[in-house]
Amino acid sequence: MTRKLTPLLMAAVFCTPLLTTGCAEHRTYYDPYYHDQHPWVQENSYYTQWETDTHRNHEDFNKRSDADKKAYWDYRHQDDKNRNKDKDHDHDHDQNPH
């Protein structure tokens with residue numbers, strides 16, 4: 001009977017990590033300061049840029065202090081405001097040619 005269960009147990013041992021771990025690309029973060037969700041697959045490049053711009057060492061976001069997380073979300077939403085402002089402004093005058 002043990003010989004019949006061994007392959008089944010081995011399969012369960014090897015498959016368990018695949019079934020119990022989530023894909024990091026589908027992970028989202030809730031921003032409690034601005035009350036919105038951010039998919040990490042898109043957020044990672046902003047986070048890396050924030051670390052560079054603010055001269056911080058790389059650290060997993062989950063391990064950051066609450067103050068650092070707030071600083072990041074403030075940075076992130078300010079960047080969004082700047083991008084939207086640039087989109088609204090017609091820099092190349094294609095809307096109103098002379």
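Colleague: Is Tyr72 to be counted as buried or exposed?

Modeller: Burial is read from relative accessible area, and the cut-off for a buried residue is under 20%. Tyr72 counts as buried because its relative accessibility is 0%. Please keep in mind that this is a predicted model.

Colleague: What pattern does the protein chain follow along the sequence?

Modeller: The order is α-β-β-α-α, made up of three helices and two strands. Of the 98 residues in the chain, 17% are buried. The accessible surface is about 8,100 Å², and carbon and sulfur atoms account for 55% of it.

Colleague: How do strand E1 and strand E2 pair?

Modeller: Pairing is described by its sense and its bridges. Strand E1 (residues 28-31) and strand E2 (residues 36-39) run in the antiparallel sense, with four bridges. Thr28 is opposite Pro39 in E2. The two strands form a hairpin with four residues between them, and His35 in the turn has a positive phi of about 55°.

Colleague: Which residues make up the largest nonpolar core?

Modeller: A core is read as a set of buried nonpolar residues joined through their side chains. The largest one here has eight residues: Tyr29, Trp40, Tyr46, Tyr47, Trp50, Phe61, Tyr72 and Trp73. H2 and helix H3 (66-88) each contribute at least two residues to this core, and the largest share, four residues, comes from H2.

Colleague: What does Tyr72 contact, once its neighbours within four places in sequence are left aside?

Modeller: Tyr72 is in contact with Glu43, Tyr46, Tyr47, Trp50 and Phe61.

Colleague: How many aromatic pairs are there, and how is their geometry to be read?

Modeller: The count is 11 aromatic pairs. Geometry is read from the distance between ring centres and the angle between the planes, where over 60 degrees counts as edge-to-face. Tyr29 and Phe61 form an edge-to-face pair, at 5.2 Å centre to centre and 80° between the planes. Tyr29 belongs to strand E1 and Phe61 to the loop between H2 and H3, so this pair ties together parts 32 residues apart in sequence. Tyr29 is buried at 9% relative accessibility, and Phe61 is buried with a relative accessible area of 5%.

Trp50 and Tyr72 form an edge-to-face pair, with 5.4 Å centre to centre and 75° between the planes. That pair links distant parts of the chain, as Trp50 is in helix H2 and Tyr72 in helix H3, 22 residues apart. Trp50 is buried, with a relative accessible area of 1%.

Colleague: Which residues form one aromatic cluster?

Modeller: The cluster comprises Tyr29, Trp40, Tyr47, Trp50, Phe61, Tyr72 and Trp73.

Colleague: Where is Arg76 placed, and which residues does Arg76 touch beyond those up to four places away in sequence?

Modeller: Arg76 lies in helix H3. Its relative accessible area is 7%, so Arg76 is classed as buried. Beyond its sequence neighbours up to four places away, Arg76 touches His38, Glu43 and Tyr46.

Conventions:
Residues are numbered from 1 along each chain as its sequence is written. This is a predicted model: local features need pLDDT of at least 70, side-chain atom pairs count only at pLDDT 80 or more; totals for chains, interfaces and linings use all residues. Side-chain values use heavy atoms; hydrogens and water are left out. Buried means under 20% relative accessible area, exposed over 50%, partly exposed in between (1.4 Å probe, protein chains only). Accessible areas come from the Shrake-Rupley method with a 1.4 Å probe; for residues, only the protein chains shown count as cover. A nonpolar core is a set of buried Ala, Val, Leu, Ile, Met, Phe, Trp, Tyr and Cys residues joined through side-chain atoms within 4.5 Å. Contact means heavy atoms within 4.5 Å. Two strands pair if DSSP finds at least two bridges between them. Rings of Phe, Tyr and Trp (its six-membered ring) pair if their centres lie within 6.5 Å; planes under 30 degrees apart count as stacked, over 60 as edge-to-face and the rest as tilted.
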